Amino acid sequence: MSTNTSKAETSADGDVPFFKIGTFGKEPDAFISQEKYDEYRKAFSFPKKGDVLISAAGTIGRTVIYDGEPAYYQDSNIVWIDNDERKVLNKYLYYCYSMKPWSISTGGTIARLYNDNISKARIPVPPLEEQARIVAILDRFNALCNDLSSGLPAEIEARRKQYEYYRDRLLTFREKTP
C-alpha cells in the first residue's frame with residue numbers, strides 16, 4: 001500500500017475500512033469505496049491473510065495480524081512483514097514483535113520505525129514445533145485475558161472453586177475431645 005489517501009476519498013461510513021495510525025488495531029472511523037479499494041489492490045502490493053502489520057509512526061510498534069478481510073491502511077505509516085512461514089510462524093512473529101524488539105530511529109522531528117529497524121531486530125527462533133507450542137500457550141492466555149466469552153467463565157469458575165475451598169475450611173470444625 002503506497003499511496004496517499006486524501007480525506008476527500010474517505011467517509012464516516014462506507015464499503016471498506018480505512019485504518020489510520022490512530023485507529024490501527026481498533027475500530028475504524030473512516031472508510032473508502034469498494035471501487036477505490038479495488039483500484040489500490042491492483043496498483044499496489046498488499047498483505048496476505050496472516051501477515052503481521054506494524055505501525056511505523058505515531059503509536060510505533062502496535063502489531064496486528066491481517067485477517068484477510070477487505071481493509072486499507074494508511075500509506076507508509078503501517079507496514080507488514082512478508083514472512084516465510086516455513087521458518088518462522090506469523091503468529092510467533094506477532095507475539096515477538098508485540099514486545100517491540102527494535103530500536104526506533106530518532107534524530108528527525110518525529111520518531112519512526114523503518115524497515116531497517118525491523119529487519120535488524122533480534123528475536124529467538126526456535127524450531128517450528130516449539131514456536132507452535134509457544135503460540136498456543138500465548139493464545140490461550142490472551143483469550144483468558146481479553147475474551148469475555150472464555151476469560152470471564154474461567155475466572156468465575158476459579159473464584160467458585162476458591163469460595164468452596166474457603167467455605168469448607170471455615171465451616172469444618174473439629175469435634176471437641178473430652
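Two strands are said to pair here if DSSP finds at least two bridges between them, and the strands themselves (E, at least two residues), like the helices (H or I, at least four residues), are DSSP runs numbered from the N terminus. This is a predicted model, in which local features need pLDDT of at least 70 and side-chain atom pairs count only at pLDDT 80 or more, while totals for chains, interfaces and linings use all residues. Residues are numbered from 1 along each chain as its sequence is written, and side-chain values use heavy atoms, with hydrogens and water left out.

## Strands and their pairing

Strand 3 (residues 52–55) is joined to strand 6 (residues 78–81) by four bridges, and the two run antiparallel; within this pairing, Ser55 stands opposite Ile78 of strand 6. Strand 3 also pairs with strand 4, again in the antiparallel sense, over three bridges, and there Leu53 has Val64 of strand 4 as its bridge partner. In a regular strand the side chains alternate between the two faces of the sheet. In strand 3, Val52 and Ile54 point one way whereas Leu53 and Ser55 point the other way, and all of them are buried, where buried means under 20% relative accessible area, exposed means over 50%, and partly exposed lies in between (1.4 Å probe, protein chains only).

A further set of three strands forms an open sheet in the order 2-1-5, with mixed pairing. Its edge strands are strand 2 and strand 5 (72–73), each of which pairs on one side only. Strand 1 and strand 5 run parallel and are joined by two bridges, and the bridge partner of Phe19 in strand 5 is Tyr73.

## Residues in the loops

Where does Thr23 sit, and what does the side chain of Thr23 reach? Thr23 lies in the loop between strand 1 (16–19) and strand 2 (31–32), and Thr23 counts as buried because its relative accessible area is 8%. The side chain of Thr23 reaches the backbone nitrogen of Lys20 at 3.0 Å, which is a polar contact (a pair of N or O atoms within 3.5 Å; within protein, one must be able to donate a hydrogen and the other to accept it, and residues adjacent in sequence count only if both atoms are side-chain atoms). Leaving aside residues up to four places away in sequence, Thr23 touches Phe18, Pro28 and Asp29, contact meaning heavy atoms within 4.5 Å.

Asp67 is placed in the loop between strand 4 (63–65) and strand 5, and Asp67 is partly exposed at 46% relative accessibility. A polar atom of the Asp67 side chain lies 2.9 Å from the backbone nitrogen of Glu69. The C-alpha atoms of Asp67 and Gly50 are separated by 6.0 Å, although these residues are 17 residues apart along the chain.

Lys100, in the loop between helix 2 (90–98) and helix 3 (115–119), has a positive phi of about 55 degrees although Lys100 is not a glycine. Lys100 is partly exposed, with a relative accessible area of 41%.

## Salt bridges

Side chains of opposite charge can pair when their charged atoms come close. The structure holds 13 salt bridges, a salt bridge being a side-chain nitrogen of Lys or Arg within 4 Å of a carboxyl oxygen of Asp or Glu. Some of them are listed here.

| Salt bridge | N to O distance |
|---|---|
| Lys36 and Glu9 | 2.9 Å |
| Asp84 and Arg86 | 3.0 Å |
| Lys161 and Glu157 | 4.0 Å |

The salt bridge of Lys36 and Glu9 links distant parts of the chain, with Lys36 in helix 1 (residues 34–43) and Glu9 in the segment before strand 1, 27 residues apart. Lys36 counts as buried at 18% relative accessibility, whereas Glu9 is partly exposed at 27%. In the second pair, Asp84 is partly exposed with a relative accessible area of 27%, and Arg86 counts as exposed at 69%.

Lys161 and Glu157 both lie in helix 5, four residues apart, or about one turn of the helix. Salt bridges that share partners join Glu157, Arg160, Lys161 and Glu164 into one network. Lys161 is exposed, with a relative accessible area of 51%, and Glu157 is partly exposed at 31%.
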